[in-house]
Each structure stands twice: as C-alpha cells, then as structure tokens.
Amino acid sequence: MRCSSELTRRTFLALSVAAGSKPLGAASTNEPDAREFLEMPNESRMRMQWSIFGPAWTVEECERELKLMAAAHIGGVLICPTYPIALDDPAHGIHNQRYLSAEFLDVLHSVLAIAKKLGLTVDMVLGTGWPYGGPSVSVADSAQTLRRKTAPVTSASPVALPEIDKDGKILAVFHVDEHGYSRLTLEAGGASLTPPGGGDVHFYYSCPTRMQVKRASLGAEGLVLDHYNAGALERFLAAVGDKLLDAGPGHGIRSIFCDSLEVYSANWTAEFPRIFERKRGYDMVAHLPALFDHKHADSRDLRCDYWRTLSEQASEAFVQPLADWAHRKGVTAQVESYGVPPVSLASYRAVDVPTGEHYEWKEFNTSRWASSGAHLAGKRTVLAEAWTWLGNPNRFGDTLEQLKLCSDLHFLSGINALYGVVYPYSPAAAGSPGWVTYFGPQMNHCSPFWPYAPLFADYVNRASYILQQGKPVADIAVYLAAEDVMAEAQVRELLFNWAVRDRLSSNGTPPEFGLANALHYESNVVKTIITNGYSFDGVDTFAFAGMQVENGRLRSGDGEYSVLVLPHLTGIDVDSLLKIKAFVDQGGIVIATERLPQTAYGMRDREKNRGEVVRLVRELFGVVPEAPALHSHRCGNGVAIFSRDEQTSFLNALRWHLPDIAFREASPQVGFVHRRTADRDYYFLANTSENPQHLDATFRVEAKQPELWDLKTGTVEPMIAFEHTKAGTRVAVTLGPFESRVIAFAENGRSPVAVDTNLDLEATREGWTTRVFENRDYYIQRPRGREEITVSGIPSPIPVTARWRLRFDDSSVPEIGLDELKSWTELSNARFFSGRGIYEADFSFGMKLGPDVGVVLDLGEVRETAELWLNGRKAGVAWMRPYRFDVTHQIQAGANRLRIDITNLLINRVLGNGPIDYSAVYERYGQRFPPGEEWQKVRDPFPSGLLGPVGLFFYKVLRGGRAGGREKGRRAPGQTLS
C-alpha cells in the first residue's frame with residue numbers, strides 16, 4: 001500500500017546519503033544528477049501551448065499568466081496566436097489587435113522580456129492557426145491540386161473545354177475508350193477540341209485549392225502556402241517570420257514551431273512535371289489516365305512514383321529550407337513532420353526537435369513516428385503536442401490522473417518532452433470557464449485542480465529528465481509499408497503517416513483522438529513487440545536508404561538494430577532488399593509476417609526490379625512450406641524467419657533475439673522505455689490500467705545493481721531485493737493503478753539483501769525496513785537461505801463514521817451536514833458546482849499505537865483531488881489513485897479533527913452555465929471555430945466530492961539487518977511477530 005507523503009529537502013539529502021556514499025552521477029559529468037532530478041532543470045520541464053485569442057492580449061494579463069505558469073513548475077510557453085473569441089470592449093480592456101501590427105509586436109516584445117525575467121522559454125508558431133499561410137500568400141504561392149474532369153463523347157463533334165478555376169491550368173487532354181488512352185492536342189486559345197467518336201475525354205488540370213488558414217487571428221486570414229515551392233516559403237518567411245523574430249530582443253524566441261501538415265488536397269506544384277521527370281526519369285503527364293484509374297495496369301507503379309516524388313519535394317522545398325532559415329535566425333525548428341504533404345521519416349533529419357502528437361500507444365502513432373525519425377536522425381529531444389482532445393468531445397472533464405496516464409502513453413511512444421495542450425489565455429475579468437479553445441483539454445488558472453498542477457508538472461518534468469538522458473535502446477526496426485501505401489493511395493491526397501499506421505492496425509481504424517480510443521485500438525505487431533520486453537523504431541524506405549549495415553546491425557543516428565521486421569508487405573524497393581540481404585549475411589535477423597514481399601513498385605525498370613524482389617526474397621527465406629506457422633532459413637551468418645501471424649508465432653520468432661526485459665509473465669497493460677548512459681541503464685515502466693500489475697522481470701544489464709528514481713518525490717534509493725542471473729538482473733516490482741516507475745541499474749558494488757521476497761523492502765543505514773498491512777506469512781530469500789516471517793497483531797481496519805460538515809468555496813452554495821457521503825451532483829444547490837469543497841468531521845480514536853505500528857487513512861473514491869489535514873497538521877495531497885495518507889504522526893488517542901479539501905472538474909459548471917453564445921463573434925469575424933459539443937453530448941454533470949468509504953488501515957513496521965546480521969525489532973526467523 002503506497003501512501004501520499006511530503007518530502008523535504010532535508011529528507012531527500014538523508015535518503016541520498018542512505019543510498020550510498022558515492023554521489024549519484026559523480027562518475028561522469030554527463031550523468032544524471034540526483035539533485036537535478038529533485039529540482040528539475042528548466043530544459044527538462046514541460047511547456048504549455050499558450051493560445052492567444054484575437055490577439056486581444058495585454059502586457060498585464062500576460063505577466064499574470066506567465067507568473068502562474070512559472071509557479072506551477074512549467075518551463076515555458078509556445079505562443080499560438082489564434083481566432084478572436086470576444087468583441088472589442090474598451091470598458092473591459094478587450095481590444096483585438098491585428099496580427100503583426102505595431103501594437104501586437106509591442107506586446108510580444110514585452111512578453112519576451114517578462115518570460116526571460118521569470119526564467120521561462122518562449123517558442124513561437126510562425127503565422128497563426130495552421131497550416132502556414134495568410135494575407136501575404138499570393139494565389140501563385142498558394143497550395144495547388146491536380147484534378148480531372150470527364151466528358152462523354154457521343155459522336156465526332158467538338159467537346160467544349162470544361163470550366164475550371166480562373167487560376168487553373170489544363171495540363172493534358174486524353175481520349176479514353178476500351179482500347180486504351182491517347183493524348184489529344186489542345187490548341188492555344190481554343191475553346192473546344194474534336195476527339196474520335198465514342199469513349200470519354202479526360203481533362204487533367206491544376207488549380208489552387210483555395211484552402212484558407214484554419215483558426216486564423218485577426219489580420220492573418222489568407223491562403224495556405226504551397227509546401228512544395230521553396231520560393232513561396234522564402235517569401236512567406238520574409239513577410240511573417242522575419243517580422244516576428246526581428247521584433248523581440250536578441251534570443252528572446254528560442255524556437256519556431258510548425259504544426260502538423262494539413263494542407264488538404266495539396267498534390268501539385270507548378271514545376272512538378274519537371275521535378276518528376278528529373279527524379280523518376282520519365283514524363284508523368286503522358287501517363288495521367290493511369291494515375292487516376294486505379295484499375296489500370298500501370299496505376300500502382302505510377303502512384304508510387306508520384307507520391308514518392310511529392311514526399312521528397314516537400315522535404316526539400318519546405319522542411320529543410322524552413323530549418324535552414326531558422327538556423328540563420330539563430331533559433332531552432334520544431335516540426336510536426338507528417339500529414340499532407342506526405343513527408344517521410346527522413347524529413348526529421350532537417351528538424352532540430354522532431355514533434356509528434358497522438359498517443360494510441362499500441363499503434364504506430366504520430367508520437368512513435370516522431371520518435372522513430374528522431375532516433376534515426378540522432379536527435380536527443382523528441383517533443384509531443386500532448387493530450388490533444390483527451391476527453392473528446394469533452395474539453396473540461398479531464399483529471400490530473402488522466403493527464404498523467406496520457407503523458408505516459410506519449411512517453412511509451414518514445415516522446416521525452418511535452419507541450420501541454422492547452423493553456424488558454426483568459427483575462428481574470430472573464431471569470432470561469434473564461435475564454436476557452438474549441439479543443440481540449442483546458443488546463444489553466446480556471447481549472448479547479450490548478451493549485452495542484454505543480455505536483456503533476458513535477459512528475460512530467462522528472463520523467464522527461466530521465467528520458468532525455470543518454471541514448472535510446474531498441475533492438476528492433478519495423479520496416480513500414482511506405483511503398484504499399486504510396487502505391488494504393490488515391491490521387492487527391494495521401495495522409496502518409498496515418499495510412500502507414502492503419503495498415504498495421506489490427507482491430508479497426510483508430511479515431512484520431514480520445515484516451516479511451518488510445519487504450520482500445522492496437523496493432524498486433526506493435527503490441528507483441530512492446531509488451532513482451534522489446535523496443536522498436538519504425539523506418540520507411542526514405543530513412544532506410546540512409547542506414548548502414550555494420551557487423552550484423554542496421555545503424556542510423558542513435559539507432560542500432562539487430563532485428564528487422566517486415567510486417568505484411570506486398571511491395572518493397574530493391575535497394576532496401578539488397579541492404580536487408582547484406583544485413584542478414586552479416587548476422588542480422590529479419591522476420592516477415594503474414595506474407596512475403598513479392599514485387600517492387602515504379603515504372604522505370606519495372607520488370608527487372610520485380611524479378612530482383614522475387615530472387616532476393618527466395619535467397620533470404622528459402623522455400624516456405626504451407627503448413628508450419630513459423631519457418632526459419634539460415635542465410636549467411638544470419639537468419640530470415642517467416643511468421644504466419646503477428647502474435648504467438650511472431651513472438652516466437654522474436655525470441656531468436658534476447659529480450660531487453662524477460663518477464664516471467666508479461667502484462668499487456670505495461671510498457672517500458674530504456675535509455676542508456678555511460679554509467680547507468682534507465683528503465684521507465686508504466687502501468688496503463690487501473691489494476692495493479694505484479695512483474696517479475698530480468699533486465700538485460702549484466703551484473704548491475706538497481707535503484708529506484710521516484711518520479712513523484714524526486715528521491716533516489718537503492719533497491720535491495722534483486723538477483724544476478726546469466727540473462728541479467730532480476731527484480732520483482734508491483735506497479736499500482738496507473739503507476740509508473742524508473743528503475744536504474746549501475747555498477748555500484750552493492751550486494752542484495754534478498755534475491756526474492758514478498759515484502760517491499762526499503763534500504764536503511766543498518767539494513768532494511770518494510771511495512772506490512774496483513775497478518776500472514778512472509779518470506780525473504782537470501783542468497784544463502786530462506787527466512788520465514790509470520791506477522792500477526794495488526795489491528796483490523798476501522799471505518800470512519802462521522803457527521804460530515806461540507807462547505808464550498810462559493811458562498812452562494814450553502815453549507816450542509818451529511819450523515820452519509822454522496823456526490824455533489826445529488827445536492828440540489830451543488831449539482832453544477834465546480835471548485836473546492838471542504839469536508840470537516842470529528843471522530844474518536846481509542847487505540848494507542850505501538851512503536852512499530854502505523855496507520856493509513858484511506859478515502860476510498862475521490863472525485864478528483866484531495867488535500868488532507870488531521871488535527872491541524874497537513875498529511876499531504878493525492879491527485880490520483882490510491883487516495884491514501886499515512887497519518888501515523890497526526891492521529892492521536894481520543895478526539896481527532898479531520899479536514900479534507902476536494903476539488904472536482906470544470907465540466908459541471910460549464911453544463912450548468914449552458915452553451916456559450918458566440919453569435920456576435922461569428923457575426924463580426926465569421927465562424928472561425930466550432931462552439932463545442934459538451935451541451936449536446938455530455939448529458940449529466942460528473943460525480944464529484946468525497947465518495948468514500950473512509951477508513952483507517954493499520955500496518956506493522958519490520959526492520960532487519962543485512963544477511964548474517966542481527967534482525968532488529970523482530971524475533972528469530974520462523975517465529976511469530978505479534
């Protein structure tokens with residue numbers, strides 16, 4: 001039973017001394033430091049996405065909110081200017097400034113100065129809303145699309161040219177019938193043409209998409225940029241980026257940010273025919289009918305060439321020059337390099353901070369996309385736009401526990417730094433809920449749980465700190481089905497990363513957001529790998545081209561892989577297969593699941609390449625019999641394995657390589673991340689379920705000694721129950737509901753007190769101590785013998801039955817007396833209350849505690865945070881399960897006075913207030929954002945308050961020395977403790 005407690009600096013230092021005389025991290029200046037882990041350096045702290053509405057910001061309000069965030073242990077902000085949410089109101093100080101106006105830049109200048117004074121970093125979205133674009137973007141520089149119009153031919157008579165966008169251009173005209181297609185000549189200035197009789201005439205043309213910037217600020221409205229045109233980007237940066245970065249003091253803005261690429265239907269640029277011919281070696285315009293007709297024999301090859309070229313062009317004309325411009329300006333570039341255009345994993349080579357977003361942890365989500373790209377490119381920091389639409393469609397119903405769980409899902413996907421979504425700029429005069437974004441979660445000073453946000457931030461910051469140390473350890477590379485995806489994609493657009501994810505998904509296409517969805521949807525390939533002791537990165541054909549084969553390993557950046565998985569591939573590039581063959585010849589392991597690749601895509605040298613794929617696959621895998629679920633074939637010094645499934649047989653195939661963690665019994669609810677420094681191996685383990693998970697695990701770290709780095713308290717303690725085996729170091733650990741832990745392994749010369757035990761032993765100067773809550777038998781398996789301990793005499797739990805006095809921090813809600821605990825939603829005056837409720841009760845405690853007996857107060861069910869005082873002395877705060885407090889030093893014999901402060905969620909007030917009326921804003925500025933759906937889809941307020949049952953639970957403290965020493969405070973082994 002783990003309880004909430006407070007940790008002082010003095011306690012921490014004492015515990016650090018107890019952990020050993022050698023300071024942690026002393027062996028290397030690059031090693032993590034225990035004091036840094038406690039206090040958290042700014043570079044490891046989470047940031048908040050700061051949505052600035054209008055922009056209608058003032059220096060005074062910005063300073064207030066920045067101070068609030070600094071006090072909450074947040075390290076900085078990402079400024080996101082966005083849509084107006086209120087009309088100008090001089091009486092209340094509301095004035096919507098035009099984006100990039102002098103007054104806007106003046107406020108920005110002041111914000112940068114304030115942030116610097118507070119020790120906060122400032123990053124900045126270029127432009128407003130997304131994607132990049134705005135009033136400076138001309139039609140010629142705007143996003144373009146390739147389209148087709150068709151006209152039937154009934155006789156040999158003229159066919160009029162179709163009406164297209166006034167800024168469009170007809171690229172080619174074809175006559176198509178059952179015999180095939182032929183290109184027709186279009187005379188300059190002509191209004192029609194005369195095709196042969198029968199069939200259809202197909203007109204292929206390009207035109208602007210006319211897409212407007214989404215969620216634009218006042219004065220930032222306009223067309224979206226052509227992301228395949230480096231010249232267009234250069235002109236946009238001159239018009240927008242230069243003004244932003246030149247407005248502030250030197251180095252005031254740390255980094256520029258580019259949101260996910262959502263340039264819908266953008267599949268063309270004016271120079272694309274020339275670019276395509278240079279890259280692919282033939283004229284694609286001559287084959288346009290095959291590009292649009294998915295049944296045509298050339299379609300898959302042509303489409304693969306088409307999307308490959310667009311992907312390369314987007315990287316070369318947008319991602320790379322954007323980063324180059326940022327570097328010339330002295331800042332770094334953070335890019336969510338996925339979406340439309342279909343940029344590849346290789347594009348992250350140009351990005352300083354690869355950034356992801358989604359959190360469906362058993363899928364190949366965009367966070368995994370970003371972390372894979374980062375590892376392959378050798379980037380230390382991998383960022384996520386965290387928690388987006390966690391409670392979709394509810395923006396106001398997310399708990400700190402759920403935010404913690406979602407953060408863990410990002411971490412398990414390879415992320416090691418978070419931007420919290422979202423902190424809405426909201427003037428104090430706006431009250432609560434104040435100004436809110438149309439998406440969630442909302443996390444700012446209007447949130448009832450905001451006073452406890454520092455505790456949550458501390459957890460995230462410490463996890464980020466550990467996960468940024470050293471280098472990632474992953475043995476497996478998964479070769480993503482990029483070629484199949486490009487060959488199968490429709491012409492209109494390719495959401496590349498999502499299409500790759502969906503090909504791996506096993507129980508349906510995941511909805512884009514939502515915590516429940518993230519926990520439900522999964523890929524068998526991903527799940528089998530990550531819940532059975534292995535780690536992996538994804539690699540696509542673009543990134544694979546940059547990998548090196550060295551001594552039976554595939555290497556790129558920080559990635560070094562001994563196993564390559566080919567999941568259900570139909571097509572694969574010949575160059576990739578040649579590299580795979582060399583990898584296996586040198587000792588590597590390749591595993592193909594469900595089917596073997598059988599073709600290569602692309603028009604050029606098509607038959608030759610298809611033949612090479614067949615030959616190389618045969619050399620690698622041999623002749624695969626139809627019956628066995630698993631087939632292995634030695635090839636050179638390595639092995640190629642075919643698995644007919646992506647679960648049991650696939651796991652057996654993986655077992656050809658020693659897992660990073662060998663679980664005695666793996667849990668599908670537990671994931672891990674492994675980072676390695678010169679002196680230590682750090683394992684982050686997270687339980688994603690509400691049920692405890694008991695793990696018996698052998699870590700592949702040779703004869704190293706484990707340490708527990710506590711992410712909530714910042715303490716570092718040695719673990720004293722472990723065993724060295726031939727496979728590594730064995731540790732048994734229990735993860736509570738949604739609990740996560742960091743276990744580090746170092747060569748510090750400590751020997752175990754026990755190699756196995758059913759006690760939770762903690763180190764002391766003299767030996768060990770533990771708390772036991774049940775009267776039963778326990779054991780300690782020493783390296784040279786087993787000790788049996790029978791514990792009795794622990795008092796039975798005592799329910800706390802009392803007359804509760806409940807008052808609220810809103811004077812309009814009257815105080816009430818409760819004989820039985822119930823939800824605030826059952827109280828007529830508090831049904832829609834959001835905020836803090838104060839419970840007070842008196843109870844009698846007639847027991848005198850012995851010197852080795854302690855007591856825990858268990859609150860049962862709490863909705864949602866609890867802060868507890870007993871007899872005027874604070875016992876702690878609990879913001880996630882379990883809601884238990886050690887009150888041994890607060891409780892007294894006789895009368896006791898209990899106070900419990902409970903805070904709930906903002907959703908109840910929002911529902912009580914009713915829909916927010918944005919009609920005047922829409923009338924003035926247009927409907928730039930949706931109003932929200934809570935009032936239609938969230939029917940009832942959420943249960944709130946202290947629900948109980950409340951009870952006292954007792955434990956006994958056991959103490960002992962190391963093996964061979966005298967046990968203190970206990971009888972001889974095998975005898976009863978009572």
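The model is predicted.

Start with helices α6 and α8. Helix α6 covers residues 272-280, and helix α8 covers residues 299-328. They pack at an angle of about 105°, and their axes lie 10 Å apart. Angles of 65 to 115 degrees count as roughly perpendicular, so α6 is roughly perpendicular to α8. On the α6 side, the contact uses Phe272, Ile275, Phe276, Lys279 and Arg280. On the α8 side, the residues include Leu302, Tyr306, Arg308, Leu310 and Glu312. By class, this contact has six nonpolar, two polar and six charged residues.

Four helices, α6, α8, α16 (541-544) and α17 (574-585), each supply at least two residues of the lining. Helix α8 gives the most, with six residues. The lining of this pocket has 12 charged residues, alongside eight nonpolar and eight polar ones.

The structure holds seven cavities of 30 Å³ or more. The largest cavity has a volume of about 170 Å³. Its lining comprises 17 residues, and Arg368, Ser535, Phe536, Phe672 and Val673 lie nearest its centre. Two or more lining residues come from each of α9 (366-377), β21 (536-539) and β30 (670-676). Strand β30 provides the largest share, four residues. By class, the lining of the largest cavity has 10 nonpolar, five polar and two charged residues.

The second largest cavity holds about 80 Å³ of space. Its lining includes the run Arg395, Phe396, Gly397 and Asp398. Among the other lining residues are Pro441, Gln442, Ser447, Pro448 and Phe449, and also Leu905 and Leu906. This lining divides into seven nonpolar, three polar and two charged residues.

The loops come next. Pro737 sits between β36 (728-735) and β37 (740-746). Its relative accessibility is 19%, so Pro737 counts as buried; the cut-off is under 20%. Asn691 is 46 residues away from Pro737 in sequence, yet the two are 5.0 Å apart in space, C-alpha to C-alpha.

Two other prolines follow cis peptide bonds. The bond from Gly54 to Pro55 is cis, with omega near 0°. Pro55 lies in the loop between β1 (47-53) and α3 (59-71). The bond from Trp130 to Pro131 is also cis, with omega near -15°. Pro131 lies in the loop between β3 (121-125) and β4 (133-134).

Finally, look at two glutamates with positive phi. Glu594 has phi near 70°, a positive value in a residue other than glycine. It is in the loop between β26 (589-593) and α18 (606-621). Is Glu594 buried or partly exposed? At 37% relative accessibility, Glu594 counts as partly exposed. Glu702 has a positive phi of about 60°, although it is not a glycine. Its loop runs between β32 (693-699) and β33 (705-709). Glu702 has a relative accessible area of 61%, so it is exposed.

Key
Residues numbered from 1 in each chain as written. Predicted model: local features only at pLDDT ≥ 70, side-chain atom pairs only at ≥ 80, totals over all residues. Heavy atoms only, no water. Axes fitted to C-alpha atoms, helices over the stretch in contact; angles between N-to-C directions. Parallel < 35°, antiparallel > 145°, perpendicular 65-115°, else oblique. Contact = heavy atoms within 4.5 Å. Nonpolar A, V, L, I, M, F, W, Y, C, P; charged D, E, K, R; others polar. Buried < 20%, exposed > 50% of the residue type's maximum accessible area, 1.4 Å probe, protein only. 1 Å grid on protein atoms, 1.4 Å probe; cavity = no way out; pocket = protein on both sides within 12 Å on 5 of 7 lines; lining within 4 Å. Points joined across faces, edges and corners; volume = space filled by probe spheres on them.
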